[in-house]
Amino acid sequence: MKTPFEAIVAGHGATVLRVCRAVLGPGPDSEDAWQETFLAALGAYPALPADANVEAWLVTIAHRKAVDAVRAAARRALPAEDLPEAASPLGNPDELRSPRDREPALWAALASLPDKQRLAVAYHHVAGLPYREVAGILGGTPEAARRAAADGIGTLRARLAGPPATAEPRTSKIRTPKIRREGVLQ
Amino acid sequence: MTAIQSPFSAPTAAPPGPDHDHDGVLDPVLEVPAGALASLHARLEDAAADAGLLDVAYATVPSPVGELLLAATDRGLVRVAFAGEDHDAVLQVLAERIGPRILRSPRRLEEAARQLDEYFAGRRRRFDLPLDRSLSKGFRLTVLEHLSEIGFGRTESYAEVARLVGNPNAVRAVGTACATNPLPVVVPCHRVLRTDGSLGGYLGGLEAKTALLALEAAA
């Protein structure tokens, strides 16, 4: 027995949009990815097993659409030897301190994360999926997904907290899980 | 589903657990711009229809007999439901009988909504809409097809309908066909009364049946 697809859109539309924005940024690419996600989900919905985790299913589709969008953007981009100097439209992170003003800096910081960290942050912290599900989407182990998400959050926090010089992600506390992991392995 | 979203709409309400320890750093990312989902939904409705992916499109419209659910397939209007029937339950039945690829899509019901408006305003005496009668089968379908021949402002008795469809003993089955009409108002089961002129039943409630008959008598 399957609920009308409208209930799926109503129940998960906002979460999928948050995920698409976290992965692709707040521009039109994220809205296109949302569109393609729900269009593909609509087509596949009749075959979805009744006991499926709908949110994980949608995020998996969104992941594929986002990866497609990133590849398409890479194909569109023209390689340039010398990048033109220009003022950042996002502002200087050092001068942006209130939560609202920090928003452009956050988007920039999120966009600059390594893909795996950004995706792990998006699927765990934004979509709310457990690391087991995140690992199912990204490949690798749940522990690796947990570390990627923690590293990503650590980097974001460091970039937003102070000048970039004092916020090297590799020196922040987020590296401690590695020690613990080695302890487990012994 | 809301249980998953709520930690993000109120990130400071509870101390972050070890797995959600982002201390609100992500909060601006978690905000969805106002109106974004509505415009995305409208775009999805069009894309889904263009791709032929919709089993059912629906809308709800106000009317003098309460809010009506209108639902259509590619073939035409397939269901009209009164509020008393519980619109969510009706959509669930459509998901099971026709298919679950169902979206609220008011643009696809605009013509039906317009004709119903005209009817309730006394400016329309017959509906000119493609109908999808796939929810009705056999004798019930025969009865409902006959009902569309009962003109505006006229009535027939259950017994007359039974006789006119060639099965004079099936008076009770005519009553059942009317009571399970998937397209009330548009297929005028409200124009069928008891032989003594009393109302009989109506799936939209007797008040609605009375209102429709009064509307047609006055127009």
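How are α5(A) and α7(A) oriented to each other? The legends below, which describe close-up views of a predicted model, begin with this pair.

**View 1. Crossing of helix α5 and helix α7 in chain A.** Helix α5 (residues 115-126) of chain A and helix α7 (residues 142-161) of chain A have axes that come within 8 Å and cross at roughly 100 degrees. Because angles of 65 to 115 degrees count as roughly perpendicular, α5(A) and α7(A) are therefore roughly perpendicular to each other.

**View 2. Residues in the contact of α5(A) with α7(A).** From α5(A), the contact draws on Lys116(A), Gln117(A), Arg118(A), Ala120(A), Val121(A), His124(A) and His125(A), while α7(A) supplies Ala145(A), Ala148(A), Ala149(A), Asp151(A), Gly152(A), Ile153(A) and Thr155(A). Sorted by class, this contact of α5(A) with α7(A) comprises six nonpolar, five polar and three charged residues.

**View 3. Domain 2 and domain 3 of chain B.** The domain assignment divides chain B into domain 1 (1-31), domain 2 (36-120) and domain 3 (138-218). The centres of domain 2 of chain B and domain 3 of chain B, taken over C-alpha atoms, are separated by 24 Å, and 11 residues of domain 2 of chain B are in contact with 12 residues of domain 3 of chain B.

**View 4. The side of domain 2 of chain B that touches domain 3 of chain B.** The elements giving two or more residues to this side are β3 (76-82) and α5 (110-120) of chain B, and the largest share, five residues, comes from β3(B). By class, the residues of this side of domain 2 of chain B are eight nonpolar, one polar and two charged.

Definitions and conventions
Residues numbered from 1 in each chain as written. Chains lettered and ligands numbered in written order. Predicted model: local features only at pLDDT ≥ 70, side-chain atom pairs only at ≥ 80, totals over all residues. Axes fitted to C-alpha atoms, helices over the stretch in contact; angles between N-to-C directions. Helix = DSSP H or I, 4+ residues; strand = E, 2+ residues; numbered from the N terminus. Parallel < 35°, antiparallel > 145°, perpendicular 65-115°, else oblique. Contact = placed C-beta atoms within 7 Å. Nonpolar A, V, L, I, M, F, W, Y, C, P; charged D, E, K, R; others polar. Domains from an automatic or database assignment.
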